[in-house]
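Subject: Structure handover

Hi,

Here is the structure for you to pick up. Please open it next to this message. My notes come after it.

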Amino acid sequence: AFNLKGRDFIELTDYTTEEIQYLLDLAIEIKDKQKKGEVYHPLKGKTVGLIFEKSSTRTRVSFEVGTYQLGGHALFLSKNDIQLGRGETIADTAAVMSRYLDGIMIRTFGHENVVDLARYSTVPVINGLSDLAHPCQVLADLQTIYEHKGTLKGLKLAYIGDGNNMAHSLMIGCAKLGVHISVASPEGYEPDAQITEQARHIAKETGAAVEVVRDPKAAVEQADVIYTDVWASMGFEEEQKAREAAFAAYQVNEELAQHAKPDYLFMHCLPAHRGEEVSEGVIDGKNSIIFDQAENRLHAQKALMAALIGS
Ligand code: CP
Ligand code: NVA
């Protein structure tokens with residue numbers, strides 16, 4: 001078995017292929033327990049703090065509900081309601097929180113905030129999304145793909161659109177699990193070069209291919225999964241108009257999807273802008289598994305918390 005107690009979860013790069021596989025297996029097991037109504041309380045007597053600097057529906061609700069289902073208690077801490085929003089340092093916040101809490105999840109803008117919080121905390125810190133990465137989402141996504149396809153290694157995922165936090169964590173997660181990934185982005189919106197390099201390095205070990213291309217059709221060619229995300233992420237709202245123009249040829253629609261395998265899966269981390277990055281027909285079509293993905297945020301994060309914080 002794998003002992004992940006006390007570890008932080010900042011990006012999937014920090015975990016081995018085997019450790020990620022273990023978390024996915026645990027997520028499936030915990031989901032099964034939940035469906036059968038079995039009681040499972042590894043967080044009994046434990047409290048998890050959830051710090052939010054940005055909006056959230058899925059992350060907030062799945063972490064709160066997940067903690068409760070594991071027998072623990074969750075605190076929603078809006079950045080503006082705690083002293084962090086008035087300039088108390090991350091280091092002091094981390095030190096103080098560590099005296100009360102058994103684990104901390106943070107959703108923030110700058111990725112360095114997550115790294116700093118983890119550095120100064122003595123309890124596990126989980127990245128609930130930064131501008132650079134969204135590893136909790138990708139853990140749930142890998143679980144969802146596995147449940148639908150029965151395998152991960154050797155599949156091809158096409159990510160169409162902004163080279164953002166989702167693109168980054170998908171590249172790392174796919175590389176770790178041997179899933180080929182092809183990212184298609186317009187000029188100026190490519191994924192971070194250093195993360196792309198990191199993903200390629202990891203992929204060498206697992207036999208995965210990591211491609212960054214311009215043409216969305218080339219990325220989608222024979223894909224098992226088509227994934228997209230909003231064109232303007234949280235914090236980039238004022239670029240909406242410019243981005244609509246830049247991404248106009250990057251909509252995932254019926255025509256583009258024809259290049260994928262007939263039984264392709266459509267995925268989106270949500271929230272979606274219907275009619276922008278994805279057509280109504282595709283997101284509401286028979287290949288779409290967006291709500292399975294959303295549900296699995298609960299199960300994957302319960303596995304994560306049980307492994308890192310649970311007793
Ligand atoms: N996918 C995701 O993280 O959704 P929220 O922003 O609603 O948490
Ligand atoms: N890329 C999006 C993901 C939201 C879950 C954002 O950062 O806003």
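Predicted model: local features only at pLDDT ≥ 70, side-chain atom pairs only at ≥ 80, totals over all residues.

**Domains**

The chain splits into two domains. Domain 1 takes 12-133 + 297-308, and domain 2 takes 137-293. Their C-alpha centres lie 25 Å apart. The contact between them draws 22 residues from domain 1 and 19 residues from domain 2. On the domain 1 side, α1 (17-36) and α12 (290-308) are the elements that give two or more residues. The largest share comes from α1, with 6 residues. By type, the domain 1 side has 12 nonpolar, 6 polar and 4 charged residues.

There is also a record to set beside this. An unreviewed UniProt entry annotates residues 7-147 as "domain: Aspartate/ornithine carbamoyltransferase carbamoyl-P binding". In the model that span is 47% helix and 14% strand. Its end C-alpha atoms are 26 Å apart.

**Strand β5**

Is β5 buried or exposed? Of its 5 residues (156-160), 5 are buried, so the strand is largely enclosed by the rest of the structure. The cut-off for buried is 20 or more other C-beta atoms within 10 Å. Side chains in a regular strand alternate between the two faces of the sheet. In β5, Lys 156, Ala 158 and Ile 160 point one way. Leu 157 and Tyr 159 point the other way. Note that Lys 156 is among the buried residues.

Which strands pair with β5? One is β6 (residues 180-184), which runs parallel to β5 and is joined to it by 5 bridges. Ala 158 stands opposite Ser 182 there. The chain gets from β5 to β6 through helix α6 (residues 165-177), and this β-α-β crossover is right-handed. Another partner is β8 (residues 225-228), also parallel, with 4 bridges. In that pairing Tyr 159 faces Tyr 227.

**Glu 190**

Glu 190 sits in the loop between β6 and α7 (193-206). Why does Glu 190 count as partly exposed? It has 17 C-beta neighbours inside 10 Å. Setting aside neighbours within four places in sequence, Glu 190 is in contact with Gly 163, Ser 185 and Val 212. Lys 36 is elsewhere: its C-alpha atom is 44 Å from that of Glu 190, and the two are 154 residues apart along the chain.

Over to you.

Methods: Residues numbered from 1 in each chain as written. Chains lettered and ligands numbered in written order. Buried ≥ 20, exposed ≤ 12 C-beta atoms within 10 Å, placed from the backbone. Pairing = 2+ DSSP bridges. Right-handed = clockwise from strand over helix to strand, strands pointing away. UniProt positions renumbered as here; feature names shortened; annotations may be inferred. Domains from an automatic or database assignment. Contact = placed C-beta atoms within 7 Å. Nonpolar A, V, L, I, M, F, W, Y, C, P; charged D, E, K, R; others polar.
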